[in-house]
Amino acid sequence: MNFSTTFAVAMIVLLGVLSQWVAWKISKPAIVIMSACGLIVGPILNLIVPAELIGDGMYKSIISLSVALILFEGSLSLNFEEIKDTRLTIKRIVTIGAFIAWILGSLSAYFFAGLSLTTSLVIGAILIVTGPTVILPLLRQAKLDKKVSSILKWEGILVDPLGAILAVFSFELAGVFTSPSSANVHNLIQFGIGIIVAVIIGFLIGLLTGKALREDYFPEYLKAAMVLCLVIVAFTLSELFSHETGLLAVTVMGVVMANMKIPTLDDILHFNENISIILTSSVFIMLTASLSRDVLLNIFQPGIILFVLAMLFIVRPLSIWISTIGTDISNKERALVGWIAPRGIVALTVTGYFSTLLVEEGYQDAEMLLALTFALVIVTVIAHGFSIQPLAKKLGLAHDGKPGLLIVGANTFSVALAEFLKDENIPTLTVEYNDRYLNHAIERGIEYHQGEILYEVANYNLDLVIYKKMLLNTPIPLYNVLVSKQFSTKMGRANICLVNVLGDKLKDNFKELNHIDVPRLGDYRATYLKLIGLINEGYSFNKIQITEDFTEEDYYENMDYRRVNLFVMTKLGDIEFFTTIKHPKVSVGDYIVSLAPDEIHDEGKDQDITGDEAAFKVLSQL
């Protein structure tokens, strides 16, 4: 079936993003769904063949630039503060571990897949990569602990350019040994110089870009666009000098910028994340749709199957276990890292390039490289994608309980809420910088962290992976809004709720708060002062389960009017707040949680505990 280029591109982008949404909805690895969609519209139904629709040259350029932008986005999150405790482990894995994986992978290709020595060395080098296009989506979904997550993320981003460089080195080195001419020696030397040039280009462009951002040389609306353009410049300059060094340049650029403490870096990172999601989704659809049916059939060859099994159960575990000897990584952490190594876009794109190059040089066995790589990509994506969370939970390296609540601000209401949720086995963490406010939480045995939330997160002092919801409950309204803005991109706006500090009577005195787009807790009664007042008067948290015999309508008809409904606690332990703009859905088996007096009856009078402006000013100065 013939489609216009515009229609085909639109379908590729749509399928990619929809795959991400479906994966989020059913809590399954997005890469698996994207691969399935690409195979269906490509080799199975032959609806879309990207290289034919947009031209082979344009197709390769789009793939290369997309991978560069994705890798830059990943490296932009590589702040050295994050790995204070795992720096040695990561250094060992990306150096000694990568070298061992290259040697063992090359031997596996030579003995199991029956490839020539040169082809084996090249494919062994390529397949040391894991890459941000596959590992980062898995980490977002698996909710691993901070240490293992950091190791896998840093390895995936740093080893990506290393795999491409090592493949070029293997190819050039093989040329020197098989045909020791001056031209081949010159090519090898030029490539070595190219690596140095790529590092210099990435470092200088990253340093100059970071300084330009800090000095506001670019207007706000152009900052993200300028950064993306400079990433492309760094990639292209390096590629012009020496092929396959562009990825190294953009990685160095990202790492340099990530450690320069650029004030607007979060905004740029958020923009790049959005671009990266679209690129990752679209590129994976394009790559899988471009595969031929012959490639799909070849993956079932016995040699390829043996090679894939060797990579999974011999090469990866051995490279991790040997390289991490003498580090502070535990055996359980070592076992998980030694299993998780999904391959993705970079492996396929670099293999496609070298497959053609090797065949032109007379290595006919290189024709099976694409099938071999695709087999490893599919198997690792499925095996690791579906096993990472169950295995991590089994090893105690992932959160295996109910989604948690992060409470910012410690007062009597916050402590009472944390205490109630603790009894329900829902993780809570109260963050507060004021000693006076924390004393009550300490006395009641509530989990807490002393510090300012924005600073603590920026300096990687808090691991918030198990916390899905956030409640902002400080007496400073503008601070609550500031924190909600900062975390809305990390946790999602719908998962953040703030306590109304001012109340409806005082809101008009603070025009800045008239357009708050973050939901406020409860109804008009759930203000900061009133909730504290109710707790001090003896109110406590009360839960009522909704059943088939006692419906939600029955609850509202019979409830004590003094109740302040705060949230719904689902059967799975998730929390959905009652807010001024949203009434949560209540299903059979869920609990409605409210703040209620000790003696509950049906005709109680609503109390009017409202704060005045003087009381608020006193609170805000504490």
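## Domains and their contact

The chain is divided into domain 1 (5–395) and domain 2 (404–597), with bounds that come from an automatic or database domain assignment. This is a predicted model, in which local features need pLDDT of at least 70 and side-chain atom pairs count only at pLDDT 80 or more, whereas totals for chains, interfaces and linings use all residues. Residues are numbered from 1 along each chain as its sequence is written, and side-chain values use heavy atoms, with hydrogens and water left out.

Between the C-alpha centres of domain 1 and domain 2 the distance is 41 Å. Domain 1 brings 11 residues to the contact and domain 2 brings seven residues, where contact means heavy atoms within 4.5 Å. About 780 Å² is buried between domain 1 and domain 2, with carbon and sulfur atoms giving 50% of that area; buried area is the accessible area (1.4 Å probe) that two parts lose on being put together, summed over both. The count of salt bridges between domain 1 and domain 2 is zero, a salt bridge being a side-chain nitrogen of Lys or Arg within 4 Å of a carboxyl oxygen of Asp or Glu.

## Aromatic pairs

The structure holds eight aromatic pairs, defined for rings of Phe, Tyr and Trp (its six-membered ring) with centres within 6.5 Å, and called stacked with planes under 30 degrees apart, edge-to-face over 60 and tilted for the rest. One of the pairs is formed by Phe-420 and Phe-541, which are stacked at 5.6 Å centre to centre with 25° between the planes. This pair links distant parts of the chain, 121 residues apart, with Phe-420 in helix H18 (residues 412–423) and Phe-541 in strand S6 (residues 540–545); helices (H or I, at least four residues) and strands (E, at least two) are DSSP runs, numbered from the N terminus.

Phe-420 is buried at 11% relative accessibility, and Phe-541 is buried at 12%, where buried means under 20% relative accessible area, exposed over 50% and partly exposed in between (1.4 Å probe, protein chains only). Phe-420 and Phe-541 also belong to one aromatic cluster with Phe-413, Phe-567 and Phe-577.

## Charges over rings

Arg-334 lies over the face of Trp-321, at 5.3 Å from the ring centre, and the charged end of Lys-543 sits over the ring of Tyr-591, 4.7 Å from its centre. The criterion requires NZ of Lys or CZ of Arg within 6 Å of the ring centre and within 35 degrees of the ring normal.
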